Amino acid sequence: MFKKFTRDDIHSRSNVKSSIQRTLKTKLVNQYPQLEPVIDELIPKKSQVEVIKCEDKIQLYAVNGEVLFFQQFDELIPSLKLVHKFPEAYPTVQVDRGAIKFVLSGANIMCPGLTSPGAKLPDAPGFEKDSVVIINAENKDSALAIGRLLMSTEDIKSINKGHGVELIHHLGDPLWNFSIE
């Protein structure tokens, strides 16, 4: 999604009213319930939240100058900077060591990279198709990407062929390197 993102993709920037900030907080907590204890730390009451409208109906939300999450259509998706602050709050899968260089170059994740030794998928019931997941890597502490499941985790385990996760955002991509100023 952010492979070719540049400043030219930005259409407008504006501050968000406090009523919309409250709506954003509620929406984030509904999507990621484990953020509830820290939501006021993420978006403090007197903070300046800015919405940056971009191409393809993407909206970036920056809190005090740092992009913490973005939205395409209705779903709020955390940026990796937010994930690194609160890694335990999101659904997570793990790829094996062999997949790391491909993920960091922006490639979608193949099912065998999620089912081989060193990789981890959640136990049943798992995650449904189209769920947003955080991608960790074998023997690494921090998340390296965010993606959307192209099939449920149960199907990934049983079929074990083809693309399992479509990459949305990864370390080193233009969103990771984006700064407000």
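A cavity here is a set of grid points where a 1.4 Å probe fits but cannot get out, and its lining residues have an atom within 4 Å of a point. In this predicted model, Met-1, Phe-2, Lys-3, Gly-106, Leu-167, Ile-168, His-169, His-170 and Asp-173 line the largest cavity. The model also holds an open sheet of 5 strands, with helix H1 lying across strands S2, S3, S4 and S5.

**Sheet**
- The strand order is S1-S2-S3-S4-S5, and the pairing is antiparallel.
- Strands S1 (10-15) and S5 (75-78) are at the edges. Each has a single partner strand, so one side of each lacks a neighbour in the sheet.
- From one strand to the next, the twist averages 25°.

**Strands S3 and S4**
- S3 covers residues 58-63 and S4 covers residues 66-72.
- The two pair in the antiparallel sense over 6 bridges.
- Val-63 has Glu-66 of S4 as its bridge partner.

**Helix over the sheet**
- H1 spans residues 18-31.
- H1 runs at about 75° to S5.
- Strand S2, which H1 also lies across, is made of residues 49-54.

**Cavity**
- The count is 1 cavity of 30 Å³ or more.
- The largest cavity has a volume of about 40 Å³.
- Its lining includes Met-1, Phe-2 and Lys-3. Gly-106 is also among the lining residues, as are Leu-167, Ile-168, His-169, His-170 and Asp-173.
- By class, the lining divides into 4 nonpolar, 3 polar and 2 charged residues.

How values were computed: Residues are numbered from 1 along each chain as its sequence is written. This is a predicted model: local features need pLDDT of at least 70, side-chain atom pairs count only at pLDDT 80 or more; totals for chains, interfaces and linings use all residues. Side-chain values use heavy atoms; hydrogens and water are left out. Two strands pair if DSSP finds at least two bridges between them. Helices (H or I, at least four residues) and strands (E, at least two) are DSSP runs, numbered from the N terminus. Axes are lines fitted to C-alpha atoms, for helices over the stretch in contact, and angles run from 0 to 180 degrees between N-to-C directions. Contact means heavy atoms within 4.5 Å. On a 1 Å grid over the protein atoms alone, a cavity is a set of points where a 1.4 Å probe fits but cannot get out, and a pocket is an open set with protein on both sides within 12 Å along at least five of seven lines; lining residues have an atom within 4 Å of a point. Grid points are joined across faces, edges and corners, and a volume is the space filled by probe spheres set on the points. Ala, Val, Leu, Ile, Met, Phe, Trp, Tyr, Cys and Pro count as nonpolar, Asp, Glu, Lys and Arg as charged, and the others, Gly among them, as polar.
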